[in-house]
Amino acid sequence: MEKIVTIRDVANAAGVSLATVSRVINSPQSVRDERRKQVEQAIKDLGYMPNQAARALVKRHTETIGVIVNNLHDPFFHDLIRGFETGAQQTSYNVIFCSVMNGDVAVKEKYIQYLNKGMVDGVVLYGSYLSDKELTRYMSYENAVRYLLIENDLPNLECNKLLIDNVGGARLATQYLIDHGHTNIAHICGNLNRRVMIDRFNGFVDCMHSNGLELRDGSVQYTMAEYSTGYNSMNTLLQQKDRPTAVFCSDDAIASYAVRAALNAGLRVPEDISVMGFDNQAILPEKYPGPEITSVEQPLFQIGYDSIRLLVDQLCDRVSFPIKKVYGTRVVEKQSVCFWRP
């Protein structure tokens, strides 16, 4: 059995005291260069790994950031997670992920309470569920860690907030369809417990009204928590006597099921009906078989990257607090929208 190397072994090999080894590990700048190099060489030779939990107790910080997201397994988070990891790799900080199914506020609060017990120095909370407002009181009074919110502007919580212009992005999507000759446009709206879905719905309605276009009866369909309900929503739209020529979906996952429904109904996408998404998602659910979806891109990688770097800068007292930043969006043209020719 391989022998576990202890701090005492390092001290003996370097010919120094236990206290000196501890200072080299926790505050190397306080040790003379010659003595510090002796200890560092002994650590390297012996393969000693400092106890991170013990270091955290001494230094009163863990050099770890907790990230709480909804449904970590969702392909939507691919680029966002890459951003978190890339940002962390460029710092001395580590990242741990906590996944909450369907925005369960009780589970989210449980994670926040756990992370606040000295497990991390900062918390990134991703999500825009309206039920997150219930967390505000606890987070406001519990100041053990620094918070950063992504896609959630809890009004009573003073912390860093990175937000997406979802209203503006939905206007861009709707205007893109209008510019392609569509006037009979429907909308499949996502889970209304999520603030982003409400914002995207409002952007759609605003753009339709500003272009003098009416919302026809049944032109707005609502999905549940599961993306796959976009399939039934699209079928409802296709059964209308004056069916829409284009459909703007709240996100690409919903759009992927809307396209499946149109294809299974014998329609061509985009020749018979155009479908527009939101998110420019890199990976779509369940081996999506249709055309690449024209979508609104939000800079998820950049947001993930910026969130870690901003929080680390804040923890190291390099930036003021708090910061609020809104990210713009852009339309990414692909294959699911074409000009409407009656």
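## Buried or exposed: a starting point

A residue is called buried when its relative accessible area is under 20%, and exposed when that area is over 50%, with partly exposed in between. D279 has 6% relative accessibility, so this residue counts as buried. Keep that cut-off in mind as you look around this predicted model.

## The chain as a whole

Welcome to a protein chain whose secondary structure comes to 12 helices and 12 strands. Its C-alpha trace spans about 85 × 45 × 30 Å along the principal axes. The radius of gyration is 26 Å, whereas a compact globule of 342 residues would have a value near 20 Å.

Buried residues make up 50% of the 342 residues.

## Charges and their pairs

The chain carries 36 positive and 39 negative side chains, and the centres of these two sets lie 6 Å apart. Side chains of opposite charge can pair when their charged atoms come close. Here the count comes to 13 salt bridges. D33, R36 and E40 are linked in a network of salt bridges.

Another pair to look at is D272 and R268, whose side chains meet at 3.1 Å, N to O. D272 is buried, because its relative accessible area is 19%. R268, at 48% relative accessibility, counts as partly exposed.

## Around helix α9

Helix α9 covers residues 195–210 and holds both R195 and D199, four residues apart, or about one turn of the helix. Their side chains form a salt bridge at 3.2 Å, N to O. R195 is partly exposed, with a relative accessible area of 37%, while D199 is buried at 17%.

R200 also forms a salt bridge, with D279, at 3.3 Å, N to O. This pair links distant parts of the chain: R200 lies in helix α9, and D279, 79 residues apart from it, sits in the loop between β9 (274–276) and β10 (295–297).

## A look at Q113

Q113 has its place in helix α6, which runs over residues 105–115. At 31% relative accessibility, Q113 is partly exposed. The C-alpha atoms of Q113 and K287 are separated by 38 Å, and the two residues are 174 residues apart along the chain.

Key: Residues are numbered from 1 along each chain as its sequence is written. This is a predicted model: local features need pLDDT of at least 70, side-chain atom pairs count only at pLDDT 80 or more; totals for chains, interfaces and linings use all residues. Side-chain values use heavy atoms; hydrogens and water are left out. Helices (H or I, at least four residues) and strands (E, at least two) are DSSP runs, numbered from the N terminus. The radius of gyration is taken over C-alpha atoms; the globule rule is 2.2 Å times the number of residues to the power 0.38. Buried means under 20% relative accessible area, exposed over 50%, partly exposed in between (1.4 Å probe, protein chains only). Lys and Arg count as positive and Asp and Glu as negative; His and the chain ends are not counted. The place of a charge is taken as NZ of Lys, CZ of Arg, CG of Asp or CD of Glu. A salt bridge is a side-chain nitrogen of Lys or Arg within 4 Å of a carboxyl oxygen of Asp or Glu.
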